Amino acid sequence: MAGSVRIRNLHKSFAGQEVLHGIDLDFAAGSVTVILGPSGSGKSTLLRCINHLESPDAGYVEVGDEIVGYRRDGHRLRERSPREVARQRSRIGMVFQQFNLFGHQTAAQNIMEGQLASGVPSDQARKRASELLARVGLAGRENAYPSALSGGQQQRVAIARALATDPDLILFDEPTSALDPELVGEVLAVIRDLADSGITLVIVTHEIGFAREVADKVIFVDHGRVVESGSPAAVLDHTENDRARTFLSAVL
Amino acid sequence: MPLLTAATPSVRRREVAAPADDLGQAALVGRRRPLQWVVAIAGVVVLAMLVNTLLTNPRFEWQVVGDYLFSNAILRGLVLTLWLTAAVMVSGYLLGIAVAALRLSDNAVLRSVSFGFVWFVRSVPPLVQLLFWFELASLYPRLSLGIPFGPEFVSVQTAHLLSAVAAAYVALTIDVAAFASEIIRGGILSVDRGQTEAADSLGLSRARTFRRVVLPQAMPAIIPASGNLLIGMLKATSLVSVIAVQDLLGATELIYNDNFKVIPLLIVATLWYLLLTSLLSVLQFGLERRFSRGTRRADRPSLPAVWRSNLPVFPHRRPRAGR
Ligand SMILES: Nc1ncnc2c1ncn2[C@@H]1O[C@H](COP(=O)(O)OP(=O)(O)O)[C@@H](O)[C@H]1O
Ligand SMILES: [Mg+2]
């Protein structure tokens, strides 16, 4: 299924320090998964392995029916060319904590960039950019530069940019953590609207209320391991895991 | 407000005699700047003295300057200086981008090649490089391409390979490439990594990411240093006069060796270099404005506004020049 995610035996080290110790996870196509965990537990690294911004040291990530960044070669997995990885990534959107909008481009140009790269004609890309801006509540802001937008507005443009290439899967890495509290709601509202769109969503966030409301599945990561996984009620309200309990009581 | 009412009437200035309640409507005016006037007048005096000596000292021989400023030999030299500079900068930057790309690649061999190239070229004075390429013929009378110690495929006589101008072009191009690659590398490193990752996450190819996302944002860091390099190279092309190429300086030398009017002819060359450098500075200013789109510096004042604001004697709101 396009948009389903399968992670097996995922290991990742930085400078000899193992950060992910063998992750196994499955996300159904069209599902919403929220990943929780203390700072430094490896949540960002896990997300970045899914679209191959980091390459794993062992194990693999499969999105749809393709292994990301590698292809089967007999009993081995052989690295794909940068061009193939780029093609795979255009089906996987990503929204960053720090937005990472292209600072030299307007909102519309940001949203057009990925489309132009995959060969969409520019007038069509522009039209789609306007539609997407309207969808995230920013109709008419096509020509605004990121520096002229609030954090919440920038993050909504970033979400529109991630949507522009029609991805099967979107990864959110703490999309509201860099925002002033009063701006969190507008971004969460936009993500909530995507929950039933058929796009698979994987969201790292500390917004527990939001997780309870939209998640099909909640995962708790600690020290590079998945220590809890289940329905929001099971993980948020009835966890047996001590670390998860401590963490939840701290963020609630 | 309390401060004003507390002041005794005798020390109160006449200007603030308006009732305290009306201060909210008071016109806001700039600070008085008496020192600025003093400096401006001193500057005018020094300038007048300079103009005076330039005009009254007969040894400057302005008549001769006038005679040669637009003479054919000088203009031919000027044209050579211009196109040699342009050619060297274009090919030097193309090569420089490649060298910078090698230096930033994942491939350790390519990184070392790039590092070695920059190390060597920056270590050898450009004049030496120029003479080396010019004297290539005496070092290698024949150049051949083939398997080392094995058969040769092609071979050429170097005596006819590089003329003086071609030697200058090759030597200066290599020099520019080494310096440009470091300028470009610095610019690329100044762009936040998040920008590359965002481009990757959209599925942009590496080349496209560089061209559409990284390079435009590296430009503000690249342009000022490149302006330096360009203006430096405009003047460095005068090195070629040592291998008898008739550039702007070479042309003036040829004339004053003949008529011994050294100072006036050097003034001719200086005036042309001044003019060219001024034009290039304006070009650089325009480019910097162009590439500051989307940054907080984008609303920087235009060049005339900067100049007006730097005329100190007219009190007005001053757009700040520079940063
Ligand atoms: N590029 C990197 N180089 C070295 N260490 C890294 C790098 N990225 C992450 N780490 C380390 O990996 C661990 C997990 O980081 P991260 O995935 O960012 O955690 P989280 O997102 O859960 O806060 C941390 O100890 C962090 O210091
Ligand atoms: Mg993180």
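As a predicted model, local features need pLDDT of at least 70, side-chain atom pairs count only at pLDDT 80 or more, and totals for chains, interfaces and linings use all residues. Residues are numbered from 1 along each chain as its sequence is written, chains are lettered from A and ligands numbered from 1 in the order in which they are written, and side-chain values use heavy atoms, with hydrogens and water left out.

**View 1. The shell around ligand 1.**
Residues around ligand 1 include A:Phe14, A:Val19, A:Pro38 and A:Thr45; a shell residue has a heavy atom within 4 Å of the ligand. Helix H1 (residues 43–50) of chain A supplies the largest share, three residues. Helices are DSSP runs of H or I, at least four residues, and strands are E runs of at least two, numbered from the N terminus.

**View 2. Polar contacts of ligand 1.**
A polar contact here pairs N or O atoms within 3.5 Å. The side chain of A:Lys43 places an N or O atom 2.8 Å from a ligand 1 oxygen. A polar backbone atom of A:Gly42 lies 3.0 Å from an oxygen of ligand 1. For A:Ser41, a backbone N or O atom is 3.2 Å from a ligand 1 oxygen. Ligand 1 alone exposes 560 Å², and the protein buries 55% of that (Shrake-Rupley method, 1.4 Å probe).

**View 3. The fold of chain A.**
Chain A has nine helices and 12 strands. Its C-alpha trace spans about 50 × 50 × 35 Å along the principal axes. Buried residues (under 20% relative accessible area, 1.4 Å probe, protein chains only) make up 56% of the 252 residues.

Conventions: Polar contact = N/O pair within 3.5 Å; in protein donor to acceptor, adjacent residues only side chain to side chain. Buried < 20%, exposed > 50% of the residue type's maximum accessible area, 1.4 Å probe, protein only.
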